[in-house]
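Please open the model in your viewer and keep the selection tool at hand. The stops come in order, each with something to select.

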Amino acid sequence: MVGGRCRILVIEDDRETAEQLVEALATNGYEVDLAVDSDDGLSRGRSAEYGVMTIDRMLPGIDGIAIIRRLREEGIVTPALIVSALGEVDDRVRGLRAGGDDYLVKPFAFAELLARVEALARRSDSVVKETVLRAGDLELDLVSRKVSRGGRNIDLLPREFKLLVYLVRNQGQVVPRAMLLQHVWDLHFDPTTNIIDVYVGRVRRKVDAAQAYPLIHTVRGVGFCLRAPC
Amino acid sequence: MSGFVSVLLAKTLRSRTFKQALIWIAIVGAVIFALLGYVYWSTASYVRGRSDHAIMAELASLQKAYASAGRSGLIATISQRLADQRSKGGVYLLADSSFAPLAGNLADWPSAMKGSSGWGNFNAREGRTLLRATFETLPDGSHLLVGKDVDDLDGFAQKIKVAMALCILWIFVLGGAVGVSITRRTVGRIESINATSRAIMQSGLDQRIPLRGTRDEWDELAANLNSMLDRIEALMVEVKQVTDNVAHDLRTPLAHMRGRLERAYNRQRDGDYDQSLIVDTIADLDGVLRMFSSLTRISQIEASDRTAAFRPVNLVEIASEVVELFDAAAEDKGGRLKIVGGRSVLATGDRDLLFGAVANLVDNAIKHGRDAGQVTVEVKKAYGGAVISVADDGPGIPVDEYQHVFKRFYRLERSRRTPGNGLGLSLVAAVARLHGARIEMLDNLPGLKVQLWFPSPTRSGW
């Protein structure tokens with residue numbers, strides 16, 4: 001895991017959702033502050049000591065995106081995760097995401113929420129530019145694009161390599177399917193089939209076959225997790 | 001029926017068309033009135049001018065007679081004139097300085113003629129005839145009056161006046177009648193459209209506006225409205241079907257979940273059992289949510305105009321990425337998935353949506369094709385546009401099912417038990433419509449071939 005657990009600001013007016021969010025984040029070691037309306041959210045957000053904030057898209061009387069805009073205009077760069085019940089991701093959210101923020105559509109799996117918060121928190125840290133990634137006895141050379149496990153070379157297609165890099169970079173984290181599709185294929189749609197599982201299954205066969213322990217694990221209903229035994 | 005007619009008449013009189021017709025009739029009437037007035041005025045003044053001219057000439061000739069032969073000569077000339085048949089209608093009177101008649105065919109000096117000379121109109125005492133005359137005072141102080149019977153001239157003017165009045169009256173009567181009849185036709189057609197609209201609002205969409213077979217603009221309007229109604233009715237039926245299907249497809253997993261939770265509630269807590277129950281329930285819920293988001297996604301694609309966000313895309317690139325993504329899935333079934341065709345086929349569109357559409361077709365081809373089968377994706381330029389086709393060599397689908405498979409929730413009998421919610425091809429159809437693309441299904445002998453025909457970028461639609 002990267003760094004210590006940072007503080008998180010949750011701006012959410014629905015009580016049950018807020019409680020669930022706070023509990024899910026708190027049990028994963030984050031310190032969480034809750035703001036139940038936009039004024040509270042703005043004043044807390046201005047203190048800028050948060051690593052990540054999650055913002056409900058539909059607060060009473062105001063669009064969550066407007067709050068982010070206000071904070072950005074005041075120079076607050078805390079990464080924001082927009083939690084939306086609006087369904088389809090519209091162009092405004094797409095535009096924001098390019099600026100380093102992320103979105104999540106209600107209802108969501110908490111594992112997915114955690115994965116995205118974690119990703120945003122890490123983005124706010126400085127990213128170390130490494131050339132070799134390791135996970136257990138798996139080694140990925142980002143320059144020569146060679147993959148080996150226990151000294152044995154593994155042949156991967158370019159996309160498979162990209163996928164494995166993403167999983168290794170997020171090792172220990174649950175990576176939801178949608179995030180994989182978004183970061184590995186640059187696609188923003190919901191695969192209604194198990195196609196990602198099948199694809200990851202093939203990568204897993206190449207990586208984990210005839211090895212001492214498996215690296216790639218399926219998290220049922222959510223996505224995948226690359227984990228080396230301690 | 002008489003009630004209907006009187007309503008129609010009332011509507012006719014209230015109608016805007018009729019009011020406009022009335023305004024036009026008034027304008028035309030005024031113009032014609034002015035024209036006839038001018039004709040009357042100029043004719044009358046011309047005729048009067050000629051008559052006055054003749055009187056002047058007669059007066060001058062009598063003055064000449066006086067100048068050459070004196071008063072007695074003048075009296076002789078007047079008597080001669082009165083005896084002459086040709087001067088019938090002429091009026092002559094010579095009076096002395098105190099206006100006592102000396103000669104002529106008038107008994108008295110008319111009271112209308114005063115002073116020493118001038119014109120005047122008066123009625124002769126013995127008749128009702130209108131006379132017009134002028135007189136002069138002669139050097140010896142006597143007065144000479146010459147005039148003419150202008151009764152027929154006056155009658156002529158009256159006739160013109162009557163003709164004018166009749167003309168105006170006819171214009172109003174005829175114009176009004178034509179206005180009413182034209183307006184009534186218009187109101188009648190509009191009323192039949194209105195009646196149909198009311199019937200539709202009251203009873204349902206099965207009513208249509210009657211056509212009269214005249215092939216005029218009214219029939220055209222009625223035909224267009226009718227086809228609009230056909231479309232609305234079809235959509236309503238579809239919406240109802242979709243709603244029924246949503247209800248059915250939601251009820252099934254909800255019933256499963258409810259039953260499962262109730263059973264768990266009624267038995268002893270058991271860690272492993274509860275665990276798997278919760279996992280299953282979450283999975284079922286995810287299925288429901290997925291169906292839900294597919295539905296909203298389809299309606300969003302159908303409702304919104306996303307063409308503003310269209311960018312140039314390479315269809316080959318998109319299809320290749322789909323093939324790469326699904327390669328593993330085909331491999332799992334022991335089959336093969338390949339892409340053939342050109343290197344670069346350009347179109348304008350939304351990459352995410354196009355990827356989703358092609359992915360759906362490939363997914364179907366792998367799922368419903370034969371085990372260890374061959375799925376081929378082909379992208380090529382065609383007729384200035386582009387075509388993407390996805391073909392399998394499986395059992396295919398019956399030709400009479402082609403038109404149904406794009407309906408929401410429609411599933412073939414044999415695929416009822418395979419996972420899926422019957423929304424995939426509806427999504428493909430919605431994406432195709434958004435891109436102006438046409439979908440065609442063909443028998444691949446054996447198997448099914450689905451083609452997406454994209455219009456050329458410069459043309460809009462087929």
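The tour goes through salt bridges and then a pair of packed helices.

This is a predicted model, in which local features need pLDDT of at least 70 and side-chain atom pairs count only at pLDDT 80 or more, while totals for chains, interfaces and linings use all residues. Residues are numbered from 1 along each chain as its sequence is written, chains are lettered from A and ligands numbered from 1 in the order in which they are written, and side-chain values use heavy atoms, with hydrogens and water left out.

**Salt bridges**

A salt bridge here is a side-chain nitrogen of Lys or Arg within 4 Å of a carboxyl oxygen of Asp or Glu. Over all chains, the whole structure has 39 salt bridges.

Select A:K106 and A:E12, whose side chains form a salt bridge at 3.6 Å, N to O. A:K106 sits in the loop between β7 (102–105) and α5 (110–124) of chain A, and A:E12 in the loop between β1 (7–11) and α1 (15–27) of chain A, so the pair ties together parts 94 residues apart in sequence. Helices (H or I, at least four residues) and strands (E, at least two) are DSSP runs, numbered from the N terminus. A:E12 is buried, at 1% relative accessible area, whereas A:K106 is partly exposed, at 22%. Buried means under 20% relative accessible area, exposed over 50%, and partly exposed in between (1.4 Å probe, protein chains only).

Move to chain B and select B:D270 and B:R267, a salt bridge with its closest N and O atoms 3.7 Å apart. B:D270 is partly exposed, at 31%, and B:R267 is partly exposed too, at 38%.

Now return to chain A and select A:R7, A:E31, A:D33, A:D40, A:R44 and A:E49: salt bridges that share partners join these residues into one network.

**Two packed helices**

Select α6 (residues 315–332) and α7 (residues 351–368) of chain B. Their axes are 9 Å apart and the helices pack at an angle of about 40°. Axes are lines fitted to C-alpha atoms, for helices over the stretch in contact, and angles run from 0 to 180 degrees between N-to-C directions. The two helices are therefore oblique to each other; angles under 35 degrees count as roughly parallel, over 145 as roughly antiparallel, 65 to 115 as roughly perpendicular and the rest as oblique.

Which residues of α6(B) and α7(B) meet? Among them are B:L325 and B:F326 in α6(B), and B:F355 and B:V358 in α7(B), contact meaning heavy atoms within 4.5 Å.
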